[in-house]
Amino acid sequence: LSTNIADYQGTVNRPIVTIDNTIVKNAQNNAVYGFNADITASNSLFYASGDNLLKFGLGGKYTFSNCTMYNSGSRFVDHQKEILLLSNFVADGNNNVYPQALKTVFSNCVIYGSLENEISFNNYQDPPTNLTDFDNTFSYSLLKGKSDTVALFATTNTQNLFNQDPFFKQPDEGNFTPSDSAGYFSSAIDYSPNGLSKDLWDNPRPVSKTANTNKYDIGAVEVQ
């Protein structure tokens, strides 16, 4: 591997990764680390890490559909950094900045944890609200963080839910099925008009639990 960061810029040599129906848990550092990569993930569950759960640096292209990203720590790791870090640059030890355009799409995803804000936006452009090379889309997702911050740094911000407990049934035991019990009914249920045809466990989607028929649960698991 090259030690010259400039060798990783551009799109020609980008690593291409597909993650489907996958669980990554109890990572010492990151469950997924993209460094100017092209990553597509669907129906996957990521939880418990000591650093950012998903860390995307030096730009890249990332598409996540019906994924659950959760961190509140565990007996193995402490949760001290945001679940999701988005950056379109890196800086070396000499304060040289290496930019690279970032494009992300998060649809029907749950990004939730124990911190007040679980998304870190890092845009090298001046002003930071210049989103020319910082293209982030969030749609029909449940997000933990400040809605006004997401509005500033998302080029598309459509029908997202903010700071609503997803009421997973037993997250400490790895059960990230949204609860459909009275008093703890998850807002992730029957929310999105579009989704994948099956969930993490290969169960069918959508399965209606409310009057919102033909709506899909957001996250990796569909309530059956």
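Which residue lies over the face of Tyr112? Lys144 does, at 4.8 Å from the ring centre. Keep in mind that this is a predicted model. There is another lysine placed like this: Lys55, over the face of Tyr33, 5.6 Å from the ring centre.

Searching the whole structure gives 17 aromatic pairs. I will go through two of them.

Take Tyr8 and Phe35. Their ring centres are 5.7 Å apart and the planes meet at 75°; an angle over 60 degrees counts as edge-to-face, so that is what this pair is. Tyr8 belongs to the segment before strand 1, which covers 16–20, while Phe35 is in strand 3, residues 32–42. The two are 27 residues apart in sequence, so the pair ties those parts together. As for accessibility, Tyr8 has a relative value of 27% and counts as partly exposed. Phe35, at 26%, is also partly exposed.

Next, Tyr70 and Phe176. This pair is edge-to-face, with 5.2 Å from centre to centre and 65° between the planes. Tyr70 sits in strand 6, residues 68–71, and Phe176 in strand 18, residues 175–178. They are 106 residues apart, and the pair links distant parts of the chain.

Last, the cluster. Phe46, Phe56, Tyr62, Phe64, Phe106, Phe121, Phe134, Phe138 and Phe153 form one aromatic cluster.

Terms used. Residues are numbered from 1 along each chain as its sequence is written. This is a predicted model: local features need pLDDT of at least 70, side-chain atom pairs count only at pLDDT 80 or more; totals for chains, interfaces and linings use all residues. Side-chain values use heavy atoms; hydrogens and water are left out. Rings of Phe, Tyr and Trp (its six-membered ring) pair if their centres lie within 6.5 Å; planes under 30 degrees apart count as stacked, over 60 as edge-to-face and the rest as tilted. Helices (H or I, at least four residues) and strands (E, at least two) are DSSP runs, numbered from the N terminus. Buried means under 20% relative accessible area, exposed over 50%, partly exposed in between (1.4 Å probe, protein chains only). A charge sits over a ring if NZ of Lys or CZ of Arg is within 6 Å of the ring centre and within 35 degrees of the ring normal.
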